[in-house]
Amino acid sequence: MPLILETVVTTLSPSGELHLVPFGLIGEAEGYVLAPFRPSPTIANLEANPCFAASSPRDIRVIAGAVTGRREWPTLPCAAIEGRRLADSFGHAEFAVASVEAHETRPRFRGRMVHSAAHAPFIGYNRAQAAVLEAAILSTRLHMLEPEKVLTEMAYLAIAIGKTAGPREREAWGWIEDKVAAALGPEARVLDRDDR
């Protein structure tokens with residue numbers, strides 16, 4: 001299995017509109033690869049403006065928000081590419097697309113890192129942040145997974161929310177749980193709103 005880093009990737013459209021999305025960067029010996037599925041604004045943006053930034057968010061709500069339709073998070077200009085990066089991050093890296101492996105379903109954009117910077121000290125994640133991340137990924141696969149699997153996974157992840165979540169993690173969990181319940185019905189709710 002390849003190394004996959006869960007990040008927030010930002011790209012620009014031909015008109016300069018920002019697209020912000022959680023994305024797993026695939027680590028390879030030559031650098032990192034973005035492999036979005038078609039159709040994707042990320043693909044269109046990279047074809048028009050072949051560079052991207054990847055940020056490690058300090059606030060897990062950015063990832064939960066982006067997968068639940070909340071994409072308006074503060075950004076700052078990049079240092080070495082035409083683009084923007086997440087403002088509140090532990091660090092970020094900027095990439096120029098070095099090559100593209102064409103594919104009708106999932107092209108692979110190989111990025112060459114041209115700049116990186118640390119912005120805040122990293123002390124550690126709590127288990128609730130990891131649970132929100134996994135639930136966010138799960139919520140993007142509702143069309144591919146059996147409802148029973150989703151419910152089982154959400155119930156397990158909710159244990160960490162109950163034990164270690166702060167207000168940000170509880171809010172993020174609520175957004176994801178709302179999305180899952182909208183798709184699978186109210187029985188998909190694991191935590192009551194008062195438990196968040």
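Student: Which residue in E8 stands opposite Leu 34?

Tutor: Leu 34 faces Phe 109 there. Please keep in mind that this is a predicted model, where local features need pLDDT of at least 70 and side-chain atom pairs count only at pLDDT 80 or more, while totals for chains, interfaces and linings use all residues. Residues are numbered from 1 along each chain as its sequence is written, and side-chain values use heavy atoms, leaving out hydrogens and water.

Student: Why are E3 and E8 called paired?

Tutor: Strand E3 (residues 31–34) and strand E8 (residues 108–118) share three bridges in the antiparallel sense. Two strands (DSSP runs of E, at least two residues, numbered from the N terminus) pair if DSSP finds at least two bridges between them, so three bridges qualify E3 and E8.

Student: What makes E1 and E2 a pair?

Tutor: Strand E1 (residues 4–12) and E2 run antiparallel over nine bridges, and Leu 12 stands opposite Leu 18. The two form a hairpin with five residues between them, and Gly 16 in that turn has a positive phi of about 90°. E2 (residues 18–28) also pairs with E3 over three bridges; that hairpin has two residues between its strands. On E4 (residues 51–57), E1 finds another antiparallel partner over three bridges, with Thr 10 bridged to Ala 53.

Student: How do you know where domain 1 and domain 2 lie?

Tutor: Their bounds come from an automatic or database domain assignment, which gives 4–118 for domain 1 and 127–188 for domain 2. The centres, taken over C-alpha atoms, are 24 Å apart. Contact (heavy atoms within 4.5 Å) involves 13 residues from domain 1 and 14 residues from domain 2.

Student: What makes up the area buried between domain 1 and domain 2?

Tutor: Buried area is the accessible area, with a 1.4 Å probe, that two parts lose on being put together, summed over both. Here the value is about 1,100 Å², with 72% from carbon and sulfur atoms. In domain 1, Ile 60, Arg 61 and Val 67 lose the most area to domain 2, together 47% of what that side buries.

Student: Why is the link between Arg 61 and Glu 171 called a salt bridge?

Tutor: Their closest N and O atoms are 2.9 Å apart. The rule asks for a side-chain nitrogen of Lys or Arg within 4 Å of a carboxyl oxygen of Asp or Glu, so this pair qualifies. The count between the two domains is two salt bridges.

Notes
Helices (H or I, at least four residues) and strands (E, at least two) are DSSP runs, numbered from the N terminus.
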